[in-house]
Structures are given as C-alpha cells and as structure tokens.
Amino acid sequence: SYVKAAYNGGTGGDPLMSFTPTTTGYYYLSAEDLFATGTGTYTLKATTWVDDYSNNTSTTGLLTVGGQVTGNIELAGDEDWFKVSLQVGTNYAFELKGSDGGGGTLGSGSAEAYLSLYNSSGSYVKAVYNGGSGGDPLMSFTPTTSGYYYLAASDLFDTGTGTYTLKATTSADDYRNNTSTTGVLTVGGQVTGNIELAGDEDWFKVSLQAGTTYAFELKGSDGDGGTLGSGLSHQPYLYLFSPHPKRG
C-alpha cells in the first residue's frame, strides 16, 4: 500500500525522503520517472537520520508564549512539533518565519512554509501557509480548553527543506469567534472590524424576528468597505450561526 513519495529536496533537486515507520518489517522503495515518460540510470541510498524534533506528541520541542524557537526541516516530508501551553479564552498569534519572513531558509524556491496546530491528543485543529511577514504563515487561535497544544512546522508540499523561526505571542482581538463576543449588530445599522490574523473570525450578535427576511452584507476591498479580500488569494466570507452554533 502507498505510504508517501518525494520528487525533490535532495542534491541538485533530486528526491530526498524521510520516514519513521511505526511497524517493523519490509518496505519497498520505487524509483521511477515522475511523469512516466523518461528513462535513465540512478543511484538509490538508505541511511539512518537524526531529526532535531519529532513529528508527534513525544517531541522534545517546547515553545513558550512570548518566546521563539528555531529548527530545521532537514528532509522532504519532515515535520517538527513544538509543545505549547495555552489558556482558554486567550487569543494567540503563532508566526512561522522562513525565507519570505527573514527567519530562515524554509520556503525558498518552489517550497512553501506551512504551520499546523494540533490538540493535546495530537488531533488536527487548523493550519495556515500565509498571512505573516513576506507571506509566511501567521495563525490566530483562541482555545476553548486550557492545556497543551502542538505547533508543527513543515513544507506545504512535503518536498522542500530549510531552517525556520517559530514564535508565539498573545494577540488582542477586536471581536471573539464565539457566542461570548462583545460585537453587536442592530438591524438598520452597521459595524466595522478587523481580521488581524489569518484564521481570525469576528462574531456579531444580531436580534432577528421570525417571518422577517433580512439581508446581511459584508463589504471588504471589492465593495469599498475595507481592505479584507485584497490580493488574488483572499476572499471575504460571511457565516450565519443559529443560537446553538453549527455550521451547515
């Protein structure tokens, strides 16, 4: 069964792959042409490799809020995890700086620095690949449960390598992303706000009457109501939640 693949990251851009098996036994490496059109000779090599930080909850990587760490994505497919203690209701900003943000070499060339967040059990929460300095990842997060979380630095395409700097700070948010928000919108009125970080959501409480049809309009850069949505890869997005929030 397929496990993973690589087409660059090594000498001269040839494939270089990292892998840590969870089961002892025989595995199979396949050498081929990416497009199934080329031919030629090759040399395939296997060695053991010491990783600076592991890619699971047993990592030795530790990040404190207000501090920063550095690391290295040494091989294609490598992922470095860092344990961080977060408090419920506090808004945090996590910034991964590579080549674009001047914090290392990760993301140079066709690679893209990628930042993921996992909960205490190692389950995926969210991820970003831009929003920060030079287009490097910048993530906002407000936990609903206090405890340890894990931030993972990697390459978006699992093909690039390089060094990076990871930083965690508290961040002032104008409006929260849940029913405890202080934001209130009245029918017939309007509010302004700011999506300060990638992944930020601003919620506004509005009183509605059964049987009445309403129109809600969110104006950003295209509608001349702000700067949200500027750039080719950004688009304002408007959600509506019921009194018992559930997206659908």
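This is a short talk that walks through one predicted protein model, from the whole chain down to single residues.

Hi everyone, and thanks for coming. First, some ground rules. The model is predicted, so to speak of local features we ask for a pLDDT of at least 70, and side-chain atom pairs count only at pLDDT 80 or more, while totals for chains, interfaces and linings use all residues. Residues are numbered from 1 along each chain as its sequence is written, and side-chain values use heavy atoms, with hydrogens and water left out.

Let's start with the overall picture. How many helices and strands does the protein chain have? It has zero helices and eight strands. Both kinds of element are DSSP runs numbered from the N terminus, with helices being H or I over at least four residues and strands being E over at least two. Reading from the N terminus, the order is β-β-β-β-β-β-β-β. Next, the surface. Of the 248 residues in the protein chain, 30% are buried; here buried means under 20% relative accessible area, exposed means over 50%, and partly exposed is in between, with a 1.4 Å probe and protein chains only. The accessible surface of the chain comes to about 15,900 Å², and carbon and sulfur atoms hold 50% of that. Those areas come from the Shrake-Rupley method with a 1.4 Å probe, and for residues only the protein chains shown count as cover.

What about contacts? A contact means heavy atoms within 4.5 Å. Among contacts between residues at least 6 apart in sequence, 63% join residues at least 24 apart.

Now charges. The protein chain carries 11 positive and 24 negative side chains, and the centres of the two sets lie 10 Å apart. Lys and Arg count as positive and Asp and Glu as negative, leaving out His and the chain ends. Each charge is placed at NZ of Lys, CZ of Arg, CG of Asp or CD of Glu.

On to the rings. The structure holds 13 aromatic pairs. Rings of Phe, Tyr and Trp (its six-membered ring) pair if their centres lie within 6.5 Å; planes under 30 degrees apart are stacked, over 60 edge-to-face, and the rest tilted. One of the pairs is tyrosine 118 with tyrosine 124, which is edge-to-face at 6.2 Å centre to centre, with 80 degrees between the planes. Which of the two is buried and which exposed? Tyrosine 118 is buried, at 12% relative accessible area, whereas tyrosine 124 is exposed, at 52%.

Another pair joins tyrosine 175 and phenylalanine 204: this one is tilted, with 4.5 Å between centres and 55 degrees between planes. Both residues lie in the segment after strand S8 (162–170), so the pair ties together parts that are 29 residues apart in sequence. Phenylalanine 204 is partly exposed, with a relative accessible area of 28%.

Ring pairs also link Trp81, Tyr118, Tyr124 and Tyr150 into a cluster. And there is a charge over a ring: the charged end of lysine 83 sits over tyrosine 148, 4.1 Å from the ring centre. To count, NZ of Lys or CZ of Arg must be within 6 Å of the ring centre and within 35 degrees of the ring normal.

Let me finish with some individual residues. Threonine 161 is in the loop between strand S7 (147–155) and S8, and counts as partly exposed at 26% relative accessibility. What does threonine 161 touch, not counting residues up to four places away in sequence? Its partners are Gly9, Ile73, Glu74, Leu75, Ala76, Thr105 and Leu106.

The loop between S7 and S8 also holds aspartate 158, which is partly exposed at 38%. Phi of aspartate 158 is near 55 degrees, a positive value in a residue other than glycine. Most residues other than glycine have a negative phi. Aspartate 224, in the segment after S8, has a positive phi too, near 60 degrees, and is exposed at 73%.

Proline 236 is also in the segment after S8. Leaving aside neighbours within four places in sequence, proline 236 is in contact with Leu218, Leu228 and Gly229.

Finally, tyrosine 27 lies in the segment before strand S1 (68–73) and is partly exposed at 40%. Tyrosine 27 touches Phe19 and Pro21, not counting residues up to four places away in sequence. The C-alpha atoms of tyrosine 27 and serine 140 are separated by 40 Å, and the two residues are 113 apart along the chain.
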